[in-house]
Structure formats: C-alpha cells, structure tokens
Amino acid sequence: MNLHQFWDAVFRQDAAKIRTYFKTDAYVNWHCTNEHFTVEEYIRANCEYPGEWDGMVERIENMGNLTVTAVSVYTKDRSMSFHVVSFMRIEKDQICSLDEYWGDDGEAPRWRRDMKIGSPIR
C-alpha cells in the first residue's frame with residue numbers, strides 16, 4: 001500500500017480514490033474530538049470540508065500490520081495548518097482501522113515563551 005498516494009488522495013479530497021484504500025467494514029476514530037466514523041462518514045467529513053488542501057508526509061513507521069504516519073496538512077493558502085498522527089491497521093493492502101490525532105499548528109503558549117525555553121524545530 002502506497003501511503004504517499006493515500007495521503008495525496010486525502011489532500012485532493014478524492015472520494016473515489018480514498019475509498020479504494022479501505023476495507024468496507026473499516027472504521028476511523030478521531031480521538032481529539034471523540035468521533036467514530038464509518039468509511040463513508042470519514043470520506044464525507046474529509047471531502048466536504050471547505051477549502052483546497054495540501055500537505056506533506058513527514059514520517060512513516062511500520063510495525064507488522066500497524067503503520068504510523070506523521071503528516072503536515074494545510075490549506076493551499078496556508079491560512080490553516082495541522083499535524084496529524086495516524087495509526088493504521090492494514091490487512092491485505094487495505095486499511096481496517098484508522099486512529100487519528102489532529103492538532104492545530106501554532107505558537108507555543110505564552111507561559112513557555114515567557115520562560116524563554118525551547119526553540120523552533122525548523
């Protein structure tokens with residue numbers, strides 16, 4: 001399974017292509033917002049989300065039938081950006097389950113900036 005192509009389909013909001021990556025009885029959990037989706041609900045949430053999207057796969061780790069991706073997702077005009085960590089259980093080149101953790105990109109909180117600790121990653 002080519003995960004770069006999967007994420008490209010997600011960025012392009014290509015429902016037909018996204019669907020090919022999932023088993024029909026797969027499910028998706030978005031833990032940060034306590035949401036559980038069927039494949040069709042997940043596709044709808046992604047493809048009906050407003051705006052034009054792009055992104056970059058930053059890291060892929062494989063552990064047997066579990067694959068973890070870390071991905072930067074952003075609007076093409078860069079007005080919004082997120083990082084998502086996805087845990088994919090894959091069988092026979094299709095996703096059986098997908099557990100995702102989405103976080104908004106932004107500045108460190110004021111209290112840490114005031115401490116003058118840390119530095120930008122890039």
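How many bridges join E4 to E5? Nine bridges join these two strands, which run antiparallel. The model is predicted: local features need pLDDT of at least 70 and side-chain atom pairs pLDDT 80 or more, while totals for chains, interfaces and linings use all residues. Residues are numbered from 1 along each chain as its sequence is written, and side-chain values use heavy atoms, with hydrogens and water left out.

**View 1. Six strands form an open sheet with mixed pairing.** The order of the strands is E2-E1-E6-E5-E4-E3. Strand E2 (35-38) and E3 stand at the edges with a single partner strand each, so one side of each has no neighbour in the sheet. Neighbouring strands are turned by 20° against each other on average, direction ignored; the axes behind this angle are lines fitted to C-alpha atoms, for helices over the stretch in contact, and angles run from 0 to 180 degrees between N-to-C directions. Strands (E, at least two residues) and helices (H or I, at least four) are DSSP runs, numbered from the N terminus. Two strands pair if DSSP finds at least two bridges between them. In general, strands of a sheet pair through backbone hydrogen bonds, either parallel or antiparallel.

**View 2. E3 and E4 form a hairpin with two residues between the strands.** Ten bridges join this antiparallel pair. Met 63 has Leu 66 in E4 as its bridge partner. Gly 64, in the hairpin, takes a positive phi near 65°.

**View 3. The hairpin of E4 and E5 has five residues between the strands.** Here Arg 78 takes a positive phi near 65°. Leu 66 has Arg 89 in E5 as its bridge partner, and Tyr 74 stands opposite Ser 81 in E5. Eight of the ten residues of E4 are buried, so this strand is largely enclosed by the rest of the structure. Buried means under 20% relative accessible area, exposed over 50%, and partly exposed in between (1.4 Å probe, protein chains only).

**View 4. The largest nonpolar core has 26 residues.** Such a core is a set of buried Ala, Val, Leu, Ile, Met, Phe, Trp, Tyr and Cys residues joined through side-chain atoms within 4.5 Å. Among the residues with the most contacts inside this core are Phe 6, Trp 7 and Met 88. H1 supplies the largest share, six residues.
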